[in-house]
Amino acid sequence: MHLKTKVWGRSRFFSKPEMKFNGNLWPGYNQKTGKLVHELKHGNENVINVIEAMVLNNPEELRAIEGSFCFSLQNRDSVVIYKSLLYKKSIYYRLHEQELFWSVEPNDLIFNEEETGQRLVNKELLLLSCMGESPLPHQSFYHPIYRLPAGHLLIFSKQKVEVKKIDFLTLRTPQKRGRLLDFAEEARRLVDRSIQYQMEGKNRVGVLLSGGVDSSAVLCGLNKLNFEVIAYHWSFAGIHAADESDYANAVSSKHKIMQRNIEVGDMIRTASYFDTDWSFQAPYNHSFYKLFERTKQKCLEDGVKYVANGYLGDVLFGPNQDVTFTSLIRSLPLQEIPKYLKESVGTVWYAKRNETKDGNHPMLQRIPWYQHFLSDEAMNLMKEAHTFIPPAASFEEELTRCSDNETDSVLELGLFNDDVNLMYPLSSRELLEFTLQLPLGYRMIPTGGQWVDKPVLRLAYRDVLPKEIISRNHRQVINAMEEVYVYKNASQVYDLLIHSKLATVGIIDTEKLRRLIHDKSKLTLSASGLICCIMTELWLRQIKNNKGKENHCNVSNEYCFESRVAQIGLMEERL
């Protein structure tokens, strides 16, 4: 069941309780969810009493409602807001003059003609946005505005806010005796079950098909369960390092699925990737927004309202921590160790993809992208920026961070909020909890003289995946598209940044940028960083003249940002 009510409001007093519900409920999982869906479908006001009783008596019962959803519930003297563990959109809230305001749109929480959106931007996180990062689940890019993390309940009563975590993934003891094939069979059951329940009643479904294992498995699962499937593939034809068309074509051809290609080459030739009319309420600081936009257009042409993807596959089934050979062996059941050791002989040791030789934080690997156009001041801050987002303390936290990401929320809010909706078949509670017990040794295995990741998912769909996908063991370099675009459209990149707000606040050094634009080697090295900065700049431009919704006085100093780093104060003065 899909509910489209916008969750937003303010803490005024009501004579009658009011509830707003948004997201998806999956009634097939359990009786409690099925009963709630029945109540909502029939407009039964009893649903308010049911939810209110849960919140007041045993809020942990909300965990039993399966789905990706949020709701707000107001009564005479309190406000309750809940965001489920799997809900993708951000829920923003703000205290102002002892009143609570909340919305899925941060612009709703910007008040006063004197209080423009840019004035509220958190400068630390602005730099992180330029690095392609999102804030922590409780943060937003606006310093007096907060986000409600997934799995948390907010209660506003007597002019005070209480936020508490009530939902979490259950950590189970790894099944030491389980064979690799046992885990693969269970993964297949859980993914198929997730597809079946999430897609219930949705006969025609699109799939974002990259050609990788994750999206290919989702497509095969949908097709095997008799859904009418249309594949949408981003074609990087002509950019060999990024092109996955052969793999996508292999999957579509095997199952006789109609495939619609979104050609990236057209955008490069016509310099049409960036759109200055894009309206972002938070930065979408990656290079895929135009591709998603073109995908949505084709979905509307095809009458497709739901688009599935393989999101989270890397985190769920791939290596998720720094690994040593000893840690791999220790995670395996005894009967599997001899075969593992035999296969590993002569196999070059696997290096985790985001691990640097000197042990630096992965974010610091991106510094070469920026050193040729960011100011010295910004570069000094960038070397410390990773301290603003500490590493996840556990795999559970890593999973929930990936699922509760503000960049993804911006995408959903901007493009997939109404007539076309993104679906995440690899995101279900039981599937996430299953992968928590997946042994590290089954996340990557030695075979045929090489290390292969995600063996569980490959084996789970071995009967329907093309052999090209099962044996595939390399990744295309998507950054190659960014390099080609920036190289061929250098003047457009220059025009977007030379008089930018990022230059005004001292993040971009215009003299460095002028030199960079004539050095093609350094320009291609900087391509990914330049695109992140342009996407951040487009957001800043959009909020420049946002004067707010109502005539309120300025927010009190209690909620104002105070810089932890002295240099940021200089940028703040410029802004």
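Which strands does helix α5 lie across, and at about what angle does the helix run to β11? The structure is a predicted model, in which local features need pLDDT of at least 70 and side-chain atom pairs count only at pLDDT 80 or more, while totals for chains, interfaces and linings use all residues. Residues are numbered from 1 along each chain as its sequence is written, and side-chain values use heavy atoms, with hydrogens and water left out.

**View 1. Helices α5 and α8 lie across strands of the sheet.** Helix α5 (residues 213-224) lies across β11, β12 (228-235) and β14, and runs at about 165° to β11. Helix α8 (residues 289-302) lies across β11, β12, β13 and β14, at about 145° to β13. Helices (H or I, at least four residues) and strands (E, at least two) are DSSP runs, numbered from the N terminus. Axes are lines fitted to C-alpha atoms, for helices over the stretch in contact (heavy atoms within 4.5 Å); angles run from 0 to 180 degrees between N-to-C directions.

**View 2. Five strands form an open sheet with parallel pairing.** The strand order is β13-β12-β11-β14-β15. At the edges are β13 (258-263) and β15 (421-423), each of which pairs on one side only. From one strand to the next, the twist averages 30°. Two strands pair if DSSP finds at least two bridges between them. Strand β11 (residues 204-208) pairs with β14 (residues 306-308) in the parallel sense over 2 bridges, and G206 stands opposite V307 in β14.

**View 3. Helix α6 (residues 245-254) has buried residues.** These are S245, Y247, A248, A250, V251 and S252, where buried means under 20% relative accessible area, exposed over 50% and partly exposed in between (1.4 Å probe, protein chains only). Their cover includes α5, β12, β13 and α18 (467-470). Just after α6, K256 takes a positive phi of about 55°.

**View 4. Strand β7 (residues 99-103) is covered on both faces.** Of its 5 residues, 5 are buried: E99, F101 and S103 lie on one side, and L100 and W102 on the other. Strand β2 (residues 8-10) pairs with β7 in the antiparallel sense over 3 bridges, with G9 opposite W102.

**View 5. Strands β6 and β7 form a hairpin.** Strand β6 (residues 92-96) pairs with β7 in the antiparallel sense over 5 bridges. H96 has E99 in β7 as its bridge partner. Between the two strands are 2 residues, and E97 in the turn has a positive phi of about 50°.
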